[in-house]
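Take a look at the model below. We will walk through it piece by piece.

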Amino acid sequence: MAHRFWLTICFLPSAVAAVAAGLIVWNMPTRDERAIATLIMAAAEVRLLDSPDGSRYFSIDLQRCSNNDEPLTYVPHVPNVGSLYLKPAPLEDAGTASLLRVRGLRYLDVTRAIASNEQFARLGDALKHTNPGLIIRDDIRESVPLNFDKK
Amino acid sequence: MPSRRRVLVVRLLIALIGTLAMVATLIELKGQWALAREQRAVANLVKAGASVQLLGEENGVRYYTIGLDGCDRSKSNDELLQYVCNIGNVRALSLAPLPLREAGTKCLLDLGTVELLHLYVGDRSVPPEMYAGLKREMKRLNPNMDVQASDLDGKAVE
C-alpha cells in the first residue's frame, strides 16, 4: 500500500508532464502553416493568387516588416511561392541564404539598396539558376509590367 | 542498505522535480495551444484565399483585419468564421458574398473586438431581414461597432 502510494506520488506528475508535452507536439501546426502564420504575424502580406496558367501560388510582400532577413527565413517553408516583394532595406547573409533556398519563384521585386552591385549580380545569377524563368525587378533596370499578380 | 530517511528524501525529490516539470509543461501547453490555434486559423484562412493582415499588437495581443471576400466559393461563411473565431482578436472583418447560417452568426456574435463589419445582403447571401436582426444585435453588444452592408453589385445597403 505504502509502496503504491509512493510510486504514484513520484511518477504521476512526470507522467502528466509527458502527456502534456505530447499534446504540445501533437497540436503543433504543420511547417507551412507555421511559416504562413509567422510571416503574417511579422506584418508581411501573404496572399493566395491565381496565375494565368490556372495554378495557384503565394505572393509574399515584406514591405511592412521590420527587416528582410528574419521573415525570409520562413519563406522557403511556404509552398508555391510565386512572387516575393522585399523591403527596401539591407539584405544580410542570413536573408540571402534563405532567399537562395526558395524554389519555384517566378517574380522577385527588389531594389538595389539591399546589396552592393556585385552582391546583387551574384545573387541574381544564383537565383535565376535555382528558379528558372525568374523575373527580377529593381529600381535601375527597366520595370516589368506589374500585371503578374492577378486575383 | 540505504536508510529509510535517505529513501524518503530521494522519493520526495523525484516527486518535487516531477511536479515542477508538470507545472511548467502545463503552463507551456496552455500558451502553445492558443498560439497553435491562432497560427492554424491564420494559415487556413490564407490558404482559402482570405486576406489576413496584422493591424498591430497591444499588450502582447495581436489584432487583425480579415477580408473573406476573395475566398474560394467552395467554403461557406460559417466554415471561414470558425477560423476567424479561433483567431479571436479581429478589428475589421468583411464577409464573403455567401449565405450566413446559425454557426456563422454565433461566431460573429462571439467576436467582441470587431469595430468594423461588412457583409453582403441579397438572395444569394445574407437575407435583408437577417441582416437587420444581426445588425441590431451586434450594435446592442457593441454600440461602437460600424456595421456596413452592400448588395452583390457593390451598392450600399442601409
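The text goes from one chain to the interface and then to single residues. The model is predicted.

Begin with chain A. It has 5 helices and 5 strands. Read from the N terminus, its elements follow the order α-α-β-β-α-β-α-β-α-β. Chain A holds 151 residues, and 44% of them count as buried. Its accessible surface is about 8000 Å². Carbon and sulfur atoms hold 59% of that surface. Now consider contacts in chain A between residues at least 6 apart in sequence. Of these, 53% join residues at least 24 apart.

N131(A) gives a local view of such a chain. Where does N131(A) sit? The place is a loop of chain A, between α5 (117–130) and β5 (135–137). N131(A) has a relative accessible area of 0%. That is under the 20% limit, so N131(A) counts as buried. Leave aside residues up to four places away in sequence. N131(A) then touches V102(A), R103(A), G104(A) and L105(A). With V102(A) there is a polar detail: a polar side-chain atom of N131(A) lies 3.3 Å from the backbone oxygen of V102(A).

Next comes the interface. In it, 34 residues of chain B are in contact with 33 residues of chain A. The two chains bury about 2900 Å² between them. Of this area, 68% is on carbon and sulfur atoms. Which residues of chain B lose the most area to chain A? They are R11(B), Q39(B) and K47(B). Together they account for 20% of what the side of chain B buries.

Polar pairs also cross the interface. The rule finds 4 residue pairs in polar contact between chain B and chain A, with both residues at pLDDT 80 or more. The largest share comes from α1(B), with 25 residues. By type, this side of chain B divides into 18 nonpolar, 9 polar and 7 charged residues.

Now to the charges. Side chains of opposite charge can pair when their charged atoms come close. Over all chains, a search of the whole structure finds 11 salt bridges. How many salt bridges are there between chain B and chain A? The count is 2.

One of these joins K47(B) and D32(A), with N to O at 2.7 Å. K47(B) lies in helix α1 of chain B and D32(A) in helix α2 of chain A, so this pair joins two chains. Are the two partners buried or exposed? K47(B) has 29% relative accessibility and counts as partly exposed. D32(A) has 19%, so it counts as buried, under the 20% limit. K47(B) is also among the residues of chain B that lose the most area to chain A.

D32(A) has a further partner. Its side chain and that of T30(A) are joined by a polar contact of 2.7 Å. T30(A) lies in the loop between α1 (2–27) and α2 (31–41) of chain A. At 41% relative accessibility, T30(A) is partly exposed.

D72(B) has a relative accessible area of 22%, so D72(B) is partly exposed. R56(A) is partly exposed as well, at 28% relative accessibility.

Chain B has a salt bridge of its own, between K75(B) and E79(B). The closest N and O atoms of the pair are 3.5 Å apart. K75(B) is partly exposed at 23% relative accessibility. E79(B) is partly exposed at 34%. Finally, return to D72(B) and R56(A). Salt bridges that share partners join them and D50(A) into one network.

Methods: Residues are numbered from 1 along each chain as its sequence is written. Chains are lettered from A and ligands numbered from 1 in the order in which they are written. This is a predicted model: local features need pLDDT of at least 70, side-chain atom pairs count only at pLDDT 80 or more; totals for chains, interfaces and linings use all residues. Side-chain values use heavy atoms; hydrogens and water are left out. Helices (H or I, at least four residues) and strands (E, at least two) are DSSP runs, numbered from the N terminus. Buried means under 20% relative accessible area, exposed over 50%, partly exposed in between (1.4 Å probe, protein chains only). A polar contact is a pair of N or O atoms within 3.5 Å; within protein, one must be able to donate a hydrogen and the other to accept it, and residues adjacent in sequence count only if both atoms are side-chain atoms. Contact means heavy atoms within 4.5 Å. Accessible areas come from the Shrake-Rupley method with a 1.4 Å probe; for residues, only the protein chains shown count as cover. Buried area is the accessible area (1.4 Å probe) that two parts lose on being put together, summed over both. A salt bridge is a side-chain nitrogen of Lys or Arg within 4 Å of a carboxyl oxygen of Asp or Glu. Ala, Val, Leu, Ile, Met, Phe, Trp, Tyr, Cys and Pro count as nonpolar, Asp, Glu, Lys and Arg as charged, and the others, Gly among them, as polar.
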